[in-house]
Amino acid sequence: MLHSPIRPWCFAPRFWSFVLLGALVAAAPTAKAVVTIEYLVLGTFLNNSVDGSLVYNNNATNVFSPTSALVVDPAAEFVYADATRSLTANFDTTGRLDLTATNPDPFQLIFKSPIFVGKELDSIFNVPDTFPGGLSSSLVGDTITINFGGGAPGTYAASFAIVTPGASAVPLPAAVWAGLALGAAVVARKRRSSRAS
């Protein structure tokens, strides 16, 4: 049986595993990743009633008709269109809210439902808000409020996730550091066992 020559300690896989683990631990307090976890509430919005209001240019008239809808997929719950502008608000059964609008004037959207109580409204990190200047949004109690200040004519979109507080942002150390450390340990063990044979 041939023996491999003795190598310096810096070439040992175990050494680099510990270096990687140390670097990850050192970076842990500052690193975070935002992860959408809407799949955890799958089906909880199905067949729940939502009241909706769309008001343009600070007018008191709600242009949605009907003003109440049950959440079903794939149909959009709230749709408005006239000769020059349109807006669609679609809740899906997982708690996602998708908005699309064409040539929108400044508007305010208000949605109310008991299903919103105890939740928070987050933007979905991989779906950009394309409204000029962005939308402002909040969820307080049972009410979601979304405002748009106006902009150039065009077609715009934005999406939100209605989630349990604290569930939308997962600290990277809790989810990834352990996996990386385990992966480094597995690689080191495989290399050690392949050299032994």
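Student: Are Tyr56 and Phe107 buried or exposed?

Tutor: Both Tyr56 and Phe107 are buried. The label requires under 20% relative accessible area. Keep in mind that this is a predicted model.

Student: Why is the pair of Tyr56 and Phe107 called edge-to-face?

Tutor: Take the distance, then the angle. The ring centres of Tyr56 and Phe107 are 6.4 Å apart, and pairing asks for centres within 6.5 Å. The planes of the two rings stand at 85°. Edge-to-face means over 60 degrees, so the label holds.

Student: What does the pair of Tyr56 and Phe107 tie together?

Tutor: Tyr56 belongs to strand β2 (residues 49–56) and Phe107 to strand β7 (residues 107–112), so the contact ties together parts 51 residues apart in sequence.

Student: Why is the pair of Phe64 and Phe78 called tilted?

Tutor: The centres of Phe64 and Phe78 are 5.1 Å apart, with the planes at 35°. Stacked needs under 30 degrees and edge-to-face over 60, so tilted is what remains.

Student: Where do Phe64 and Phe78 lie in the chain?

Tutor: Phe64 is in the loop between β2 and β3 (68–70), while Phe78 is in strand β4 (residues 78–81). The pair therefore ties together parts 14 residues apart in sequence. Phe64 and Phe78 are both buried.

Student: Which residues do ring pairs link into a cluster?

Tutor: Phe45, Phe64, Phe78, Phe91, Phe111 and Phe116. The whole structure has 11 aromatic pairs.

Student: What makes Arg85 count as sitting over the ring of Tyr56?

Tutor: The charged end of Arg85 is 3.9 Å from the ring centre of Tyr56. The distance limit is within 6 Å, and the charge must also be within 35 degrees of the ring normal. Arg85 is assigned as sitting over the ring.

Student: Why are β4 and β8 (120–123) said to stand at the edges?

Tutor: Start with the order β4-β5-β6-β11-β8, an open sheet of five strands with antiparallel pairing. β4 and β8 each have a single partner strand, so one side of each lacks a neighbour in the sheet.

Student: How do you know that strand β5 (residues 86–91) pairs with strand β6 (residues 96–102)?

Tutor: Count the bridges. Six join β5 to β6, and the strands run antiparallel. Pairing takes at least two bridges, so β5 and β6 qualify.

Methods. Residues numbered from 1 in each chain as written. Predicted model: local features only at pLDDT ≥ 70, side-chain atom pairs only at ≥ 80, totals over all residues. Heavy atoms only, no water. Phe/Tyr/Trp six-rings, centres within 6.5 Å; stacked < 30°, edge-to-face > 60°. Helix = DSSP H or I, 4+ residues; strand = E, 2+ residues; numbered from the N terminus. Buried < 20%, exposed > 50% of the residue type's maximum accessible area, 1.4 Å probe, protein only.
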